[in-house]
Amino acid sequence: MPVVYTALGTDVIHEGHLNILKCAQEYGTVVVGALSDKALIRYSRFPTVSQEERVKLYESLEGVSRVIIQDDYLYDDVIATLKPDYVVHGDNWQNGPERAIRNNIEGLLATYGGTLIEVPYTRSEQARKVDQQLREKLAMPEYRRRRLRQLLAISPTVKVIEAHDGLTGLIAEKTVVDHNGRLDQFDGMWVSSLCDSTERGKPDIELVDMSARLRTVDDIMEVTTKPIILDGDTGGLTEHFVYNVRTLERMGVSAVIIEDKTGLKKNSLFGTEVKQTQAPIEDFCAKISAGKKVQLTDDFMIIARIESLILERGMEDALTRAFAFRDAGADGIMIHSRKKDPAEIYEFCDRFREKDATTPIVVVPTSFNGATEEELASHGINIVIYANQLIRAAFPAMQETARGILRAHRALEVDEQLLPFKDIIRLIDEL
């Protein structure tokens, strides 16, 4: 009989999936591809059950002959190995970035005469409810908190972008592009002290207290599912930091990054232009150790940010601190620089990797923004944080709109530069 292939990545089967399988059975022997954890995370969403459990679920479905693992959301390896006569999929990928996957399959099938069958997308209350339940499950703390570690285990570069409210969280969550035939998206969100303060019209000196920062985190968590890294500034007093670690862990935050400075915090962009004091190594190690001691799970990460290069204390000081902080329990090291040339960042990473091949390294390439993710990864960098680009993009656009209205004494002249509000509303899921 002809071989019919369809891929599934769901944790819960609803009538839409059953409709696709029913259609597939009409054409021949049905082989189901279970998207692997790696494929799901890169393409769609994090799984809430194990890969083995999904395979068993698909094997139990009526009409399924066998289940294989599809390790990439593109179908190249599956088509080359299986050469199915038919591939069956819902028709919801005909527009938008997912069209790249459809084009990939059409090209592969054309090489030997295979056929793509598209089933009308099922829009029903039951299917909608199942999808909503999955999104709610993905937002639960116990699932969200572990996702950064999951990403680090399977992805060469974890891409994180700042979010400072629910709307920017949705942008970080839902923005997907077709880049050279592959889908790309951000892996997580960075809740920045700088952006949180700026959004409130306050200076970035730890004036916005942790309670207010946590309200921002909560707003973002309410509408998203991707992992969150919190900018924890200096971490504050150790006695306060341990309580904040417990709170962040309970909320489902994946990591907090704290910087090795003490006293009144000043933004690192000022470097040596303002007085900034680095914390003694012993004191900062004690803060890290205290934070790790109170954790209740292994999921949450405390990442130590080193300011030695910012403050021109030299490479040896930066490396000494990095190894000391790691030995104190830090789950990762963030190295920072104000220079446009990433040479000193690369030197630090290369020398750190000579002695430590596994501890994650984090960078924020605001100054050295010409460095690509591939170049950064080649020096052992695991997490790249785009720390303030969304708020910096919004400010000039809003300011120019305000000026345009003032100049014209009406809003008509600025209308062409405004996004229709219905396009913004589409980001927001309705219950």
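## Handedness and the H9–H11 pair

A crossing of two helices is called right-handed if the near helix is turned clockwise from the far one by less than a right angle, and left-handed if it is turned anticlockwise. With that in hand, let's look at this predicted model, where the crossing of H9 and H11 is right-handed. Helix H9 covers residues 166-174 and helix H11 covers residues 210-223; their axes come within 8 Å and cross at roughly 45°. H9 and H11 are therefore oblique to each other.

Sorted by class, the contact of H9 with H11 has three nonpolar residues, two polar ones and one charged one.

## The chain as a whole

Stepping back, the chain holds 18 helices and 17 strands. Its radius of gyration is 24 Å, close to the 22 Å that the globule rule gives for 431 residues, so the chain is as compact as a globular protein of that length. Along its principal axes, the C-alpha trace spans about 75 × 65 × 40 Å.

The chain is divided into three parts: domain 1 takes in 3-130, domain 2 runs over 140-387, and domain 3 covers 396-426. Between the C-alpha centres of domain 2 and domain 3 there are 34 Å.

## H13 and its partner H14

Now to another pair of helices. Helix H13 (residues 281-294) packs with helix H14 (residues 315-327) at an angle of about 30°, and their axes are 9 Å apart. Angles under 35 degrees count as roughly parallel, and H13 is therefore roughly parallel to H14. The crossing of these two, H13 and H14, is right-handed.

From H13, the contact draws on Ile-281, Phe-284, Cys-285 and Ile-288, while H14 brings Thr-320, Arg-321, Ala-324 and Phe-325. By class, the contact of H13 with H14 has six nonpolar residues, one polar and one charged.

## H13 and its partner H12

H13 also packs with helix H12 (residues 238-251), here at an angle of about 35° with the axes 9 Å apart. H12 passes H13 in a right-handed crossing.

On the H12 side you will find Thr-238, Phe-241, Val-242, Val-245 and Arg-246, which meet Lys-287, Ala-290, Gly-291 and Val-294 of H13. The residues of the contact of H12 with H13 comprise five nonpolar, two polar and two charged.

Definitions and conventions
Residues are numbered from 1 along each chain as its sequence is written. This is a predicted model: local features need pLDDT of at least 70, side-chain atom pairs count only at pLDDT 80 or more; totals for chains, interfaces and linings use all residues. Side-chain values use heavy atoms; hydrogens and water are left out. Axes are lines fitted to C-alpha atoms, for helices over the stretch in contact, and angles run from 0 to 180 degrees between N-to-C directions. Helices (H or I, at least four residues) and strands (E, at least two) are DSSP runs, numbered from the N terminus. Angles under 35 degrees count as roughly parallel, over 145 as roughly antiparallel, 65 to 115 as roughly perpendicular and the rest as oblique. Ala, Val, Leu, Ile, Met, Phe, Trp, Tyr, Cys and Pro count as nonpolar, Asp, Glu, Lys and Arg as charged, and the others, Gly among them, as polar. Domain bounds come from an automatic or database domain assignment. The radius of gyration is taken over C-alpha atoms; the globule rule is 2.2 Å times the number of residues to the power 0.38. Contact means heavy atoms within 4.5 Å.
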